[in-house]
Amino acid sequence: MNISVSSTTKIFKMRISLFTLLTVMIFSAQFITAKVPVYIVAGQSNADGRALMEEMPPEIHRYIESNGAENIKMSYCYGSVRNTLGLFRSYVPMSEGENSDKCGFDAVLYSMIADSADNPIYVIKESKGGTAIDTACESAKNLYWNASPQWLADAGMAGYDPMTDTTNGRSLLLQLEANIDSCISTTLSSMPDGYEFKCIIWHQGESDRAQGERYYSNLKALVEHLRHHIAQKTGDESYLTLPFIAGGINKDSRQYNEHVENAKIRLAGEDGNFHYIDLDDCELRSDDNLHFNGNGASLAAKYFYECLKELDLLP
């Protein structure tokens, strides 16, 4: 087969052009930047964490031994004290507002997410054991997640207020939203490449069992309130559909309520960005039949991670 000089030249030039294009693509990829991923975690005791630390995986213990995970940054509120500085610290597993011998499924989840990320992940967490949405239910410290505008107007933000030296506020939702605002203003807005809220991770409902038939409307209002608040604060209307991922309550739990679980399932069927995770096979502690043990917490984390991966919500 004879190939002319002109044909050979064309082929050579084509190869040079292709090589140049690939070189530019590879070089440019080194400088592609990514927004900081931010996850919001909220709920009551299983979100806060009651699994015994001695039952948790080795990597969780390393976070404590190294005085915090450098690839996980957290801003944490737990009802009693307001976090209004908007600062993040290297993550150390906590429960009930302090370093302890317990932690939650989220500790394992953060580890899994961080392992898939090139840069640190950021978490804004608000959790308080024994707290309800419905104000007709008993709720720890008289604190609630209720999103009724009328109730919020009178309730005030939960937590100690150093400006007035009072702790009269009752709203955990307002406390969470205030911390989100502070984190945006103080830290996230200063990120060179920006930030992105990935989703809201929620585990709650046990304390609403006495008013389970109202959980659907109560949780729906909370989801809408959080989404609207974040969209308004950021000016980004896409957050009006921010993914909301709700973990289920094990049917063996002594505080399980069918109406509460059906409400989550119903919302998942109506709202394309609300997702329900069945956690029935996540083991509970034998001494309280309420909280995840180490195995249960690790399995719950796996299910949440798989959901994040399926929804393309990993960094």
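Is Arg214 buried, exposed or partly exposed? Select Arg214 to find out: with a relative accessible area of 39%, Arg214 is partly exposed (buried means under 20% relative accessible area, exposed over 50%, partly exposed in between, with a 1.4 Å probe and protein chains only).

Before you click on, note that this is a predicted model, where local features need pLDDT of at least 70 and side-chain atom pairs count only at pLDDT 80 or more, while totals for chains, interfaces and linings use all residues. Residues are numbered from 1 along each chain as its sequence is written, and side-chain values use heavy atoms, with hydrogens and water left out.

**Stop 1**

Asp134 is buried, at 4% relative accessibility.

**Stop 2: Lys128**

Stay in the loop between β8 (121-127) and α5 (149-155) and pick Lys128. Here's a curious one: Lys128 is buried yet has no salt bridge, and the nearest side chain of opposite charge, Glu96, is 6.8 Å away. For charge, Lys and Arg count as positive and Asp and Glu as negative; His and the chain ends are not counted. What does Lys128 contact, leaving aside neighbours within four places in sequence? Show Gly43, Gln44, Ser45, Tyr78, Ser80, Lys141, Leu143 and Leu172 (contact means heavy atoms within 4.5 Å).

**Stop 3**

Now jump to Glu96. Its salt bridge goes to Arg50, with the closest N and O atoms 3.9 Å apart. Glu96 lies in the loop between β5 (94-95) and β6 (98-99), and Arg50 in the loop between α2 (45-48) and β2 (51-52), so the pair ties together parts 46 residues apart in sequence. Glu96 is partly exposed at 47% relative accessibility, whereas Arg50 is buried at 11%.

**Stop 3: Glu70 and Lys73**

Finish with Glu70 and Lys73, a salt bridge whose closest N and O atoms are 3.3 Å apart. Glu70 is exposed, at 54% relative accessibility; Lys73 is buried, at 15%.

Key
Helices (H or I, at least four residues) and strands (E, at least two) are DSSP runs, numbered from the N terminus. A salt bridge is a side-chain nitrogen of Lys or Arg within 4 Å of a carboxyl oxygen of Asp or Glu.
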